[in-house]
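These are my notebook entries on a single structure. I record what I looked up, entry by entry.

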Amino acid sequence: KASLLFFSLQTFEKLLIANRGEIACRVIKTCKKMGIKTVAIHSDVDANAVHVKMADEAVCVGPAPTSKSYLNMDAIMEVIKKTRAQAVHPGYGFLSENKEFARRLAAEGVTFIGPDTHAIQAMGDKIESKLLAKNAKVNTIPGFDGVVKDADEAVRIAREIGYPVMIKASAGGGGKGMRIAWDDEETREGFRFSSQEAASSFGDDRLLIEKFIDNPRHIEIQVLADKHGNALWLNERECSIQRRNQKVVEEAPSTFLDSETRRAMGEQAVALAKAVKYSSAGTVEFLVDSSKNFYFLEMNTRLQVEHPVTECITGLDLVQEMIRVAKGYPLRHKQADIPINGWAVECRVYAEDPYKSFGLPSIGKLSQYQEPLHVPSVRVDSGIEQGSDISIYYDPMISKLITYGSNRAEALRRMEEALDNYVIRGVTHNISLLREVIIHPRFVQGDISTKFLPEVYPDGFKGHQLTDHERRELLATAACLYVAEQLRSQRFLGTPRIPIAKSKRNSWELSVHLGDGIYPVAVSKDGSSFSVEVDGMKLNVTSEWNLALPLLSVTIDGTQRTVQRLSRDASGKTSIQFLGTVYKLQVLTKAAAELSKYMPEKAAEDTSSILRSPMPGAVVAVSVKPGDMVSEGQEICVIEAMKMQNSMIAAKTGKVKAVHCKAGDTVGEGDLLVELE
């Protein structure tokens with residue numbers, strides 16, 4: 001107790017977290033460990049959020065839209081005065097890299113847990129940061145060091161640098177306001193979209209253009225600096241698996257770097273931190289080409305989403321270090337003390353549909369939620385619980401799932417097990433994609449680049465492709481679940497009902513429908529296990545068959561599989577999550593299967609002449625009206641969801657029959673937007 005009191009006196013008594021979700025919870029955990037009281041802020045829709053329950057105090061700062069709540073500086077400053085918080089941790093996103101917020105806190109004598117305003121300003125402006133990096137002898141990408149005025153100038157600069165080019169928001173981050181252009185037309189379109197996205201996400205529409213490096217890896221260096229001129233690099237994080245410029249899987253260390261390259265990158269990152277008199281935790285992002293040349297991309301003057309993998313391999317608590325540095329303490333470690341112990345992998349679990357461009361947002365209530373914390377060496381950073389809502393207003397992240405191992409193979413094996421044991425119901429999630437990535441031969445060998453997803457899945461992600469052996473395992477599991485259900489329904493309070501017909505049935509002839517195939521499956525009960533015949537091959541299937549549990553551990557011929565049965569109905573249709581992917585099957589008795597061929601099929605809707613919203617969001621612009629002629633691929637409207645703008649295009653050439661939405665409307669997934677004749 002005395003040491004805790006001593007510690008709290010040494011830093012701050014009360015700290016406000018200007019954020020929400022998992023990062024707010026993450027900061028609160030460290031504050032509790034350090035004996036610091038916490039204040040949470042929340043919007044009205046977040047009133048029952050986990051971070052609100054975890055904090056010692058919580059105050060509402062406005063309605064759901066971020067501009068009126070989590071970005072509402074006046075309201076947040078008011079809460080700081082009211083609660084007498086001595087320090088503010090901004091987390092990541094929102095106001096974490098906002099120099100105006102840091103300046104206002106300083107004026108009130110409140111400590112901002114992050115770097116000084118000049119470092120935020122210098123590094124937050126991508127144009128200024130590039131010049132500073134050049135002066136600090138950091139390798140930079142060839143490009144135009146200035147603000148691009150208009151689309152014509154963008155085209156002229158792009159031609160000078162040489163295609164392909166990257167157009168990005170000067171104040172940006174998180175993949176917002178970034179476009180790749182391969183020709184003049186794409187440059188004009190990219191300029192328009194990027195400036196709109198930048199204005200709505202950051203309130204700053206300035207853009208810059210630089211050479212786009214083909215097949216790069218995205219590797220970043222974690223730095224930690226104090227106010228006494230000391231700075232360390234805490235090794236690298238490999239963040240090359242991305243979709244739409246946002247990271248999906250991260251790991252530390254990287255399979256690609258040797259110790260010389262690692263040191264060179266670390267030293268350049270520290271040189272840059274010292275050049276801007278940086279203090280706190282920060283990240284210097286590099287693009288690394290196939291020959292291990294590395295180029296400075298940007299510096300993030302905040303805690304990164306993927307900081308847990310660095311904590312796993314170094315043993316440091318980065319939030320604790322940030323709080324200590326902000327109070328004015330010197331660093332406790334020397335560069336030689338920073339180890340690489342083992343290997344850590346992080347998967348970002350999102351509420352999104354991975355089958356639609358690797359992840360379009362999904363909203364809903366988590367009807368059932370269970371984190372795989374029983375798997376060894378697993379860490380889950382989340383800000384939600386069973387019953388939480390994933391709303392249209394905020395980032396659709398469910399959690400960050402981190403596994404640790406003494407080597408990479410062990411960390412990946414644990415990740416596979418953790419993903420299989422993660423129960424998320426009520427929203428669509430990307431576990432199928434994450435699991436496919438981490439078992440993919442290219443990923444396992446470490447042969448990755450930022451183009452990994454489009455290269456491995458050129459036609460989009462289609463889920464796990466079953467081998468013949470795996471297909472038999474799935475068919476056998478589905479058949480055994482059906483039989484276990486039949487047996488359970490014959491029992492009454494643990495004893496068989498009074499038999500009218502002869503009970504004690506031991507064998508079942510079934511027909512299982514999966515994909516385009518119909519497979520005869522024979523199941524016979526043998527004590528507590530089942531013997532199943534599929535494709536003329538016998539499989540032995542054992543399990544507890546506790547059908548009330550969300551997770552079922554099934555052993556098939558000695559191989560253990562964790563499966564989840566997500567749904568079933570009276571017609572034998574069932575959804576089973578197997579090897580990460582959800583498969584739809586139908587299990588019928590042989591007699592029912594014979595009769596089912598007489599059931600009429602419902603005709604599918606002609607989707608080429610209608611445009612439905614692929615996700616929930618807000619309509620930003622509608623560019624057609626009834627009577628207009630549109631050509632295939634032409635933009636019809638723009639929908640913004642979770643702060644990203646998505647262009648909706650016509651699937652065929654035709655005449656617009658009706659428009660069912662207007663700018664400003666809120667639409668749900670599957671809502672009808674436009675009809676063509």
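Entry 1, helix H4. I began at the end of H4, where Arg84 follows the helix with a positive phi near 60°. Helices here are DSSP runs of H or I with at least four residues, strands are runs of E with at least two, and both are numbered from the N terminus. The model is predicted, so that local features need pLDDT of at least 70 and side-chain atom pairs pLDDT 80 or more, whereas totals for chains, interfaces and linings use all residues. Residues are numbered from 1 along each chain as its sequence is written, and side-chain values use heavy atoms, without hydrogens and water.

I then listed the buried residues (under 20% relative accessible area, 1.4 Å probe, protein chains only). In H4, residues 73-83, these are Met73, Ala75, Ile76, Met77, Val79, Ile80 and Thr83. Their cover includes strands E1 (14-17), E2 (37-43), E3 (57-62) and E4 (87-89), together with helix H5 (99-107).

Entry 2, an open sheet. I found 3 strands in the order E7-E6-E8, with antiparallel pairing; a pair requires at least two DSSP bridges. Neighbouring strands are turned by 20° against each other on average, direction ignored. Axes are lines fitted to C-alpha atoms, for helices over the stretch in contact, and angles run from 0 to 180 degrees between N-to-C directions.

I counted 4 bridges between E6 (residues 165-169) and E7; Ile167 has Arg179 of E7 as its bridge partner. Helix H9 (residues 184-202) packs on the sheet and touches E6, E7 and E8, its direction making about 175° with that of E7. Contact is taken as heavy atoms within 4.5 Å. Helix H8 (residues 151-161) lies across E6 and E8, at about 20° to E8.

How many cavities of 30 Å³ or more does the structure hold? I found 1. On a 1 Å grid over the protein atoms alone, a cavity is a set of points where a 1.4 Å probe fits but cannot get out, and lining residues have an atom within 4 Å of a point. The largest cavity contains about 110 Å³ of space. It is lined by 15 residues, of which Arg244, Gln246, Pro361, Met642 and Met644 are the closest to its centre. Strands E16 (360-361) and E37 (644-649) are the elements that give two or more residues to this lining.

Conventions:
Buried means under 20% relative accessible area, exposed over 50%, partly exposed in between (1.4 Å probe, protein chains only). On a 1 Å grid over the protein atoms alone, a cavity is a set of points where a 1.4 Å probe fits but cannot get out, and a pocket is an open set with protein on both sides within 12 Å along at least five of seven lines; lining residues have an atom within 4 Å of a point. Grid points are joined across faces, edges and corners, and a volume is the space filled by probe spheres set on the points.
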